[in-house]
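Subject: Structure for you, with notes on salt bridges

Hello,

Here is the structure I said I would pass on. My notes on its salt bridges follow below.

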Amino acid sequence: YSTCRIGERRLNDLAQRRGEDLIMAAARTHLDRTEERMRKRIADIPRGTYRFEDYIDSDGRTDRPLFLPCTVIVEDSGINVDFTGASPQGPGPMNCSLAAASTGAFIACKGLLDPGGPINQGAFRPSTVTAPEGSFLNAQLPAAVGGFSEIRRRVTTPAAERPMLKADVLLEVAVATDVAIAADRSNVAVGEDHRDHRADLVHLV
């Protein structure tokens with residue numbers, strides 16, 4: 001919170017010295033240049049459709065595995081990451097919103113194509129992400145989404161696995177299988193049920 005306040009104050013000070021119009025124009029230029037830089041990287045990838053599939057062990061409540069298909073379509077200087085066919089949302093916490101799934105795909109594109117460039121909305125403009133409503137990657141109310149961080153990390157792997165190239169050489173990007181596993185975390189939450197004062201412990205591995 002304090003960081004945001006400091007940033008707000010400094011931007012306001014800068015706008016007072018330079019003028020709001022100039023600041024806004026500079027921001028738009030920065031975003032546009034970042035977008036152009038990313039589109040040039042995407043243009044190095046041969047046009048086509050690339051597919052990869054993964055599974056998540058369970059939905060967090062049952063033994064039902066979650067199917068994570070990923071189709072990456074490269075056209076001109078844009079990328080569409082499509083998760084059509086993903087498993088329906090489940091009763092456990094291993095669901096996420098489309099925003100969280102999109103973040104995983106954006107991380108893959110940014111990290112592999114232009115890791116040294118600015119991180120702002122311009123870098124993500126060339127990429128679109130689609131997932132069916134009601135799937136575990138685009139969960140709807142009243143789905144539980146406590147495991148969204150694990151899902152987001154797993155999304156990054158299939159989005160990065162197939163289509164990324166360097167120059168004119170196809171790299172069937174060898175993001176090793178254990179990348180997805182290593183990306184998960186262990187988390188412990190302790191609480192108390194106010195009705196009977198019984199302690200509850202949740203261990204997420």
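Arg125 and Asp32 form a salt bridge, with their closest N and O atoms 2.8 Å apart. The two residues are 93 apart and link distant parts of the chain: Arg125 sits in the loop between α4 (121–124) and β4 (127–130), Asp32 in helix α2 (residues 20–42). Helices (H or I, at least four residues) and strands (E, at least two) are DSSP runs, numbered from the N terminus. A salt bridge here means a side-chain nitrogen of Lys or Arg within 4 Å of a carboxyl oxygen of Asp or Glu.

This is a predicted model, in which local features need pLDDT of at least 70 and side-chain atom pairs count only at pLDDT 80 or more, while totals for chains, interfaces and linings use all residues. Residues are numbered from 1 along each chain as its sequence is written, and side-chain values use heavy atoms, leaving out hydrogens and water.

Arg125 is partly exposed at 32% relative accessibility, and Asp32 is partly exposed at 41%. (Buried is under 20% relative accessible area, exposed over 50%, partly exposed in between, with a 1.4 Å probe and protein chains only.)

Within helix α2, Lys40 and Glu36 lie four residues apart, about one turn. Their side chains meet in a salt bridge of 3.7 Å, N to O. Salt bridges that share partners also join Asp32, Glu35, Arg39 and Arg125 into one network.

Arg5 and Glu8 form another salt bridge, at 3.1 Å between the closest N and O atoms. Both are in helix α1 (residues 2–18), three residues apart, so about one helical turn separates them.

The count comes to eight salt bridges.

Regards
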